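Biologist: I would like to learn how to read the contacts in a model that holds several chains and a ligand. Could we take the features one at a time, with the general idea before the case?

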Amino acid sequence: MPSQAFETVVSVRDVHKSYGKGQAKTPVLRGVSLEIQKGEIVALIGQSGSGKSTLLNIIGSLDTWESGQVEVMGIDFSKARETELAAMRNEQIGFVFQSFNLLDHLTCIENVVLPASFTSMREKDAREQGMEALRRVGLEELAHRPPGELSGGQKQRVAIARALYNKPKLLLCDEPTGNLDSETGENVIEFFGELNREDGMTLLIVTHEERLSRFAERVVHIKDGVIQSDDASELHDVSKEDSGALAEENAS
Amino acid sequence: MTSGKLVKLVLDNARRHRREFVLSGFGIVVGVAAFVFFLALSMGVRNKVLEVFPLERVEVIAPTAGLAGADLTKRMDESTVEQIRNQSVADVGAIIPRMTVDFPVALSGYFNGDRMALEFIGDGVDPAYVREDNIGEMFKDWEADTDTPLVDCQLPKFSCEGLYYCERSDMKCHHRVPVVVSRNIIEVYNKNYAKSHGLPVIGEMEQFIVQRGGLSKMRLYFDLGQSVINMNQKKLQSEPRRVEGVLLGISDRAIPLGATIPMGYVERWNREYVGEESATAYSSIIVELENKEDVAPFGKWLIEGPNLRLEDSMGERFASIITIITLIFIVIALVIVTISAINIAHSFFMQVSERRKEIGLLRSIGGTQNNIRMLFVGEAALLGFLAGVVGVGLGIGIAMVGDWAFVNYTADFAFKPKTLFDFQAWIPVSGLGVAVLFGMIGGALPARKAAKMQPAEALTR
Ligand SMILES: Nc1ncnc2c1ncn2[C@@H]1O[C@H](COP(=O)(O)OP(=O)(O)O)[C@@H](O)[C@H]1O
Ligand SMILES: [Mg+2]
């Protein structure tokens, strides 16, 4: 039972989703339930096609589902208006994608300040805030370069700066190190840890990388659209120190 | 999202998709160029026509003879003028009865030493009406003044002082009959007659008069009872005689293609050569309406009330032909921009597919469906606007080339305008409006598709 000290950021209850119709209908999520508290780092792992991205997107209000309940930061998705969800994505949630999703026709700083396009923030303030975000990922000197000239790791840091632009409470990352070599991947992972420690940011990271899952406090396994194991359910018994070992065990 | 930020995003994308922009905007350019070109052309031609034949100046005539040969011609006289003045369907300004000479009159004069004779097509009007048009006090019925005794002609040369001539029937000096002509007849003289006869062209009337040593030198001769065209006319009540005239100047109130003199002369001549009947009936009544819109109700009133008709207005006839031709061309222009809108839609649908990831990303960082829609509609509107600017420029450019060719490569003719086009401000503005509108129509469905896209799905592929 979560005590009063916990603040629930994500609450998914018995969510079902499938693609296709009639005969071709294939279930992707089959009754998934997940609760994430403020300040947690959760690694979501599972084989390719197990429904990780689908679940992440549903939590990020980017995808629809058929039944069950989804509530993020107090907003019940089934009742929220489209603009409300968009505002939430703008201010409270940051997304980091495997393929970065930077717009090549813009400079790095322009990519970073894109979220400000959907607010009434003044251009100058927006830039300043964008530079701050780039400084945070250590790329301020590349601000005016197009992302095409950057290395993979640098691109992902620009994408992270964009995700951090409005200082979100929740960071949703879909295989953020999937396109990076192990060393740069390591740096990115360390940076996530820093965000969690220093800013109290809640992170949900989809990965099949050993290192990442080891680093997470809590590992959730998903298989064929069903949660196989979740450290949270064992929180009563297992101490925090042991969770890493357990994750390692589960991942293997 | 503020409009400023929308514009920035739109401009960024436009810069990125220059090639697609140029290709899909081409049809709009052509369509809008055609649109403004034909509108300006028709406005130009229409203005010129209405300048020559003003719509609000109508001519009232009596219905012509019936089929059975019975003379149904209704007489128009002073009571008709009163009726028109007192009707209430239209605001009328001047009402000007005209009386034509009912028997042949040949008009001749010396132009540059050549004697020119024409059948006198002309009529008499109330002199006060023409005097309003900057024609001086000399335009009046000099014969009406019976108190001043006439001077005898000086023999043996039958000469008289100044603008008087010797009338052989009574051997007295009579003032010459004052004549005014319309600007149009000068045009016809200049462009058609002078050219084919190798005569000098009249620039300003003043110049013309000065060249010939003043007004008194501008002698005209009315040969009453004689025809240039037809020699054996119906029997006249009087023998032919010659009356001298003087050209006073140009008046917009003179009949368009003929000469105009004070009505008193026409009355007397008709009485002398045809009879009393002819001296009291008006041939037509010019009515100047205050509003063009009153022409139709006034025409209706004429038929239902005094059983009179409106002479078909040349201006009206030309204007409606021009309107029809204009409409045809505008439809063609609109078909071109419609095809172009379809072309834009096609191009934008491809863009939407190509930019799925971008659309998904924008949604993930807080873009609403409406933001995405506005982004694509905005790009289409910008495309339309830019194509519209080029199209309007192209239309004006083609018009300038057309004007230049028209002025330099077509023969001079009467009323030939200096320009065929009239680019009133509303024409380029509506050209731009059409361009933006059709751009947006083309972009509407693709924008809708982009907005409705599921963000998760957009991001995955
Ligand atoms: N848009 C879609 N249409 C049809 N099937 C889809 C679509 N997106 C995902 N799927 C299917 O759903 C399943 C789960 O996909 P996903 O959540 O992306 O898995 P993971 O991220 O764990 O690899 C896969 O079998 C995939 O083929
Ligand atoms: Mg995936």
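Modeller: Across the interface of chain A and chain B the rule finds two salt bridges, where a salt bridge is a side-chain nitrogen of Lys or Arg within 4 Å of a carboxyl oxygen of Asp or Glu. Before going further, note that this is a predicted model, in which local features need pLDDT of at least 70 and side-chain atom pairs count only at pLDDT 80 or more, while totals for chains, interfaces and linings use all residues. Residues are numbered from 1 along each chain as its sequence is written, chains are lettered from A and ligands numbered from 1 in the order in which they are written, and side-chain values use heavy atoms, with hydrogens and water left out.

Biologist: Which side chains meet in a salt bridge with Arg363(B) and with Lys8(B)?

Modeller: In general, side chains of opposite charge can pair when their charged atoms come close. Here Glu82(A) pairs with Arg363(B) at 3.3 Å, N to O, and Glu110(A) pairs with Lys8(B) at 3.9 Å, N to O. Because Lys8(B) lies in helix H1 (residues 3-16) of chain B and Glu110(A) in helix H3 of chain A, the latter pair joins two chains; helices (H or I, at least four residues) and strands (E, at least two) are DSSP runs, numbered from the N terminus.

Biologist: How many residue pairs are in polar contact between chain A and chain B, and which helix gives the most to the side of chain A that touches chain B?

Modeller: The count is 11 residue pairs, both at pLDDT 80 or more; a polar contact is a pair of N or O atoms within 3.5 Å, and within protein one must be able to donate a hydrogen and the other to accept it, with residues adjacent in sequence counted only if both atoms are side-chain atoms. Helix H2 (82-91) and strand E6 (93-97) of chain A each supply at least two residues of that side, and H2(A) gives the most, with five residues.

Biologist: How should I read the area buried between chain A and chain B?

Modeller: The size of an interface is often given as the accessible area lost when the parts come together. Between chain A and chain B about 2300 Å² is buried, with carbon and sulfur atoms giving 63% of it; the accessible area uses a 1.4 Å probe, and the loss is summed over both parts. Leu62(A), His105(A) and Phe118(A) supply 29% of the area that chain A buries against chain B, more than any other three residues.

Biologist: Where does Thr119(A) sit, and what is it in contact with?

Modeller: Thr119(A) is in the loop between helix H3 (108-112) and helix H4 (123-136) of chain A, and its side chain reaches the backbone oxygen of Ala116(A) at 3.0 Å. Leaving aside neighbours within four places in sequence, Thr119(A) is in contact (heavy atoms within 4.5 Å) with Asn90(A), Met1(B), Thr2(B) and Lys5(B).

Biologist: Why is the site of ligand 1 shared between chains?

Modeller: The site is shared because residues from chains A and B surround ligand 1, a residue being near when one of its heavy atoms lies within 4 Å. Among them are Tyr19(A), Val28(A) and Glu457(B). Oxygen atoms of ligand 1 lie 3.1 Å from a polar backbone atom of Gly51(A) and 2.9 Å from a backbone N or O atom of Lys52(A).

Note on methods
Buried area = accessible area lost by both parts, 1.4 Å probe.
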